[in-house]
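Have a look at the structure first, then read on.

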Amino acid sequence: MRLSILTLSFPLLLSLANERARALEPVPDKLVVLGFDDCNKSDRHFVAEVLKKHGFGATFYVTEGLGFHSGKGHYITWEEIAELHKMGFEIGNHTKSHPNVTRLSREQLKAELTHIEKRCAEHGIIKPTTFAFPGFSNNLRAVEVLAEMGYLFARRGVGPEYPDSGSGARGPAYDPAHDHPLLIPTTGYAGPKWGMKDLQWALRQAKDGKIAILCFHGVPALDHPWVNCQPEAFKKYMQLLKDEGCTVIAMRELARYVDPKKQPKDAYAPIRARVKK
Ligand SMILES: [Zn+2]
């Protein structure tokens with residue numbers, strides 16, 4: 001008797017699909033993803049200790065742009081980035097030179113990403129699998145390049161759904177049922193115009209399968225006062241996450257809850273739908 005490929009493969013496919021569904025954990029309420037952009041000195045010299053104290057995961061998005069080479073007093077070194085990795089934190093890709101990626105060709109963006117991957121390898125850091133768009137600028141070409149290069153999750157900004165003051169803002173909660181995993185919105189980023197009330201608001205959005213995505217820069221941000229967060233305020237924010245019983249993770253840990261292969265056909269459709277609302 002001959003068995004067709006269909007009779008053999010369908011039950012197999014079904015069991016594989018079930019396996020995948022079983023492997024994913026349900027998204028808990030108050031799930032928070034923490035990210036720190038731009039290699040600020042405070043990443044290693046203040047933030048890491050506060051996070052460790054609470055047992056929080058986080059991603060440090062590294063770039064050699066901005067003042068990385070010229071303003072060493074305000075930025076961490078590759079040795080310190082390697083220490084963050086050894087402490088168990090995720091090192092994410094934030095490009096070599098912190099450009100507006102919408103102005104780059106595919107090849108230029110690939111070179112920007114590859115540079116950071118090489119530097120990570122040189123310092124014993126595993127290849128980054130998540131990305132943060134520099135200055136929050138993004139387009140479909142960049143999404144396609146990230147996918148080609150094996151990136152699983154990427155964070156954009158609060159807009160176009162929410163207005164961006166440029167110095168801290170609220171944004172949408174990440175909805176894995178709809179959002180493209182390479183266009184994850186920022187639910188809140190710290191700056192002079194963002195504070196405790198905005199953090200509490202962000203946590204209230206993190207329910208029914210939605211996730212709060214938080215972005216910080218320096219604590220303090222010595223070079224970029226418009227995204228500054230004061231150390232005392234930061235301690236209070238982290239204490240609130242602890243007191244509220246939040247699950248606080250690095251971006252890569254989203255893979256426990258979200259299948260990054262599940263993507264909308266039109267990457268920007270969920271964003272347009274939200275803007276319409
Ligand atoms: Zn940045």
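## A first look around

What covers the buried residues of helix α6? Among the covering parts are β1 (31–37), β6 (169–170), β8 (212–216) and α7 (231–243). Contact here means heavy atoms within 4.5 Å. The helix itself runs over residues 196–205, and its buried residues are Asp 198, Leu 199, Trp 201, Ala 202 and Leu 203. Buried stands for under 20% relative accessible area, exposed for over 50%, and partly exposed for in between (1.4 Å probe, protein chains only). Helices (H or I, at least four residues) and strands (E, at least two) are DSSP runs, numbered from the N terminus.

Two notes on the ground rules. This is a predicted model, where local features need pLDDT of at least 70 and side-chain atom pairs count only at pLDDT 80 or more, while totals for chains, interfaces and linings use all residues. Residues are numbered from 1 along each chain as its sequence is written, and side-chain values use heavy atoms, with hydrogens and water left out.

## The zinc ion

Which residues hold the zinc ion? Its protein donors are Asp 38 (OD), His 94 (NE2) and His 98 (NE2), lying 2.1 Å from the ion. Donors are N, O and S atoms within 2.8 Å of the metal (3.2 Å for Na, K and Ca), and water is not among the atoms, so sites may look incomplete. Along the sequence, the donor residues follow the spacing D-x55-H-x3-H. His 94 is tucked away: its relative accessible area is 1%, so this residue is buried.

## Charged partners

Salt bridges come next: each one is a side-chain nitrogen of Lys or Arg within 4 Å of a carboxyl oxygen of Asp or Glu. By this rule the model has 20 of them.

| Salt bridge | N to O distance |
|---|---|
| Arg 155 and Asp 37 | 2.7 Å |
| Arg 119 and Glu 64 | 2.9 Å |
| Glu 161 and Arg 274 | 2.6 Å |

Take the salt bridge of Arg 155 with Asp 37. Arg 155 belongs to strand β5 (residues 153–155) and Asp 37 to strand β1, so the pair ties together parts 118 residues apart in sequence. Both Arg 155 and Asp 37 are buried.

Then there is the salt bridge between Arg 119 and Glu 64. Arg 119 sits in helix α4 (residues 106–122), and Glu 64 in the loop between β2 (59–62) and α3 (78–86), so this pair ties together parts that are 55 residues apart in sequence. Arg 119 is partly exposed at 23% relative accessibility, whereas Glu 64 is buried at 8%.

Glu 161 and Arg 274 also meet in a salt bridge. This pair links distant parts of the chain, 113 residues apart: Glu 161 is in the loop between β5 and β6, and Arg 274 is in helix α8 (residues 269–276). Glu 161 counts as buried at 15%, while Arg 274 is partly exposed at 23%.

Elsewhere, Arg 106, Glu 107, Lys 110, Glu 144 and Glu 148 are joined in a network of salt bridges.

## Rings

How many aromatic pairs does a search of the whole structure find? The search turns up 13. Rings of Phe, Tyr and Trp (its six-membered ring) pair if their centres lie within 6.5 Å; planes under 30 degrees apart count as stacked, over 60 as edge-to-face and the rest as tilted. Trp 194 and Phe 216 are an edge-to-face pair, 6.0 Å centre to centre with 90° between the planes. Trp 194 lies in the loop between β7 (188–189) and α6, and Phe 216 in strand β8, so the two tie together parts 22 residues apart in sequence. Both are buried. Trp 194 also forms an edge-to-face pair with Tyr 237, at 5.4 Å centre to centre and 80° between the planes.

Ring pairs link a cluster that includes Phe 36, Phe 46, Phe 60 and Phe 89 as well as Trp 194.

## The nonpolar inside

A nonpolar core is a set of buried Ala, Val, Leu, Ile, Met, Phe, Trp, Tyr and Cys residues joined through side-chain atoms within 4.5 Å. The largest has 44 residues, of which Leu 34, Leu 51, Phe 216, Phe 234 and Met 238 touch the most other members. Apart from this core lies another, of 18 residues, among them Val 101, Phe 133, Ala 142 and Leu 146.
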